[in-house]
Amino acid sequence: MKRVNAPVCANSNSLAQGARRQRMIGLAIAAAMCVCAVAQAHGVNVGGLYLEHPYAVPSAPGEVSGKAYLRAIKNSGDQSDRLLGATASVATSVELNRIGAGAQKIEFIPLPANSTTLVRHTGDYQLSLINLKRPLKDGQTFEMSLQFEKAGVQTVRVSVQTPRDAHAGHTHD
């Protein structure tokens, strides 16, 4: 019987190159995932709903309540949905309010099919943060969970910022 000696390692240098290549691919995938996470930081897609740019305005010194908003909630689906409530890590409770002559507490915010609902400081609705656990300061972030009738609970990261179109004398009551 003739014995054939198979090489134990074809080339240790090529194995090291292969391992380096796999690490580089892994790092590239991780970097791409980070970029995607940052890109989605200003909005979240949930089925047919797009929760655009969640933000809160800074609270004044000594203020016990705050205001949180979304630039818009876009419902591109064929079915309506409703925002039923919310919780926030910075407040003991959150109220849904219609903005008009003062803020009026409401049970839900309607999200008709194929429409955009403004939940912003210059829009129709706001989320009132009741009994703040800490002051809201520019540059901070916090989590807020939104309860939808059909889309379920969705958690978003809220950025505290002074709105660009805030003008002198504008109050956040």
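Modeller: Let us begin with a definition: a residue is buried under 20% relative accessible area, exposed over 50%, and partly exposed in between. Please bear in mind that this model is predicted.

Biologist: Is Asn131 buried, partly exposed or exposed?

Modeller: Asn131 has 41% relative accessibility, so this residue counts as partly exposed. Asn131 lies in strand β9. Its phi is near 55°, a positive value in a residue other than glycine.

Biologist: What is the phi of His53, and where is His53 found?

Modeller: His53 also has a positive phi, near 45°, and is not a glycine. This residue belongs to strand β2. His53 counts as buried because its relative accessibility is 6%.

Biologist: Why does Gly47 count as exposed?

Modeller: The cut-off for exposed is over 50%. Gly47 has 78% relative accessibility, and therefore counts as exposed. Gly47 sits in the loop between β1 (43-46) and β2 (49-56). Although Gly47 and Ser76 are 29 residues apart in sequence, their C-alpha atoms are 8.8 Å apart in space.

Biologist: How many helices and strands does the protein chain have?

Modeller: The chain has one helix and eleven strands. Read from the N terminus, the order is α-β-β-β-β-β-β-β-β-β-β-β. Of the 173 residues in the chain, 31% are buried. Among contacts between residues at least 6 apart in sequence, 64% join residues at least 24 apart.

Biologist: Which residues touch the most other members of the largest nonpolar core?

Modeller: They are Leu127, Leu129, Phe142, Met144 and Leu146, in a core of 30 residues. Strands that each supply at least two residues of this core include β2, β4, β9 (125-132) and β10 (141-148). Beyond residues up to four places away in sequence, Phe142 touches several others, among them Ala56, Leu129, Val156 and Val160.

Biologist: What does the side chain of Asp81 reach at 3.2 Å?

Modeller: That side chain reaches the backbone nitrogen of Glu149. Leaving aside residues up to four places away in sequence, Asp81 touches residues including Leu49, Asn75, Phe148 and Glu149.

Technical notes
Residues numbered from 1 in each chain as written. Predicted model: local features only at pLDDT ≥ 70, side-chain atom pairs only at ≥ 80, totals over all residues. Heavy atoms only, no water. Polar contact = N/O pair within 3.5 Å; in protein donor to acceptor, adjacent residues only side chain to side chain. Contact = heavy atoms within 4.5 Å. Helix = DSSP H or I, 4+ residues; strand = E, 2+ residues; numbered from the N terminus. Buried < 20%, exposed > 50% of the residue type's maximum accessible area, 1.4 Å probe, protein only. Core = buried A, V, L, I, M, F, W, Y, C linked by side-chain atoms within 4.5 Å.
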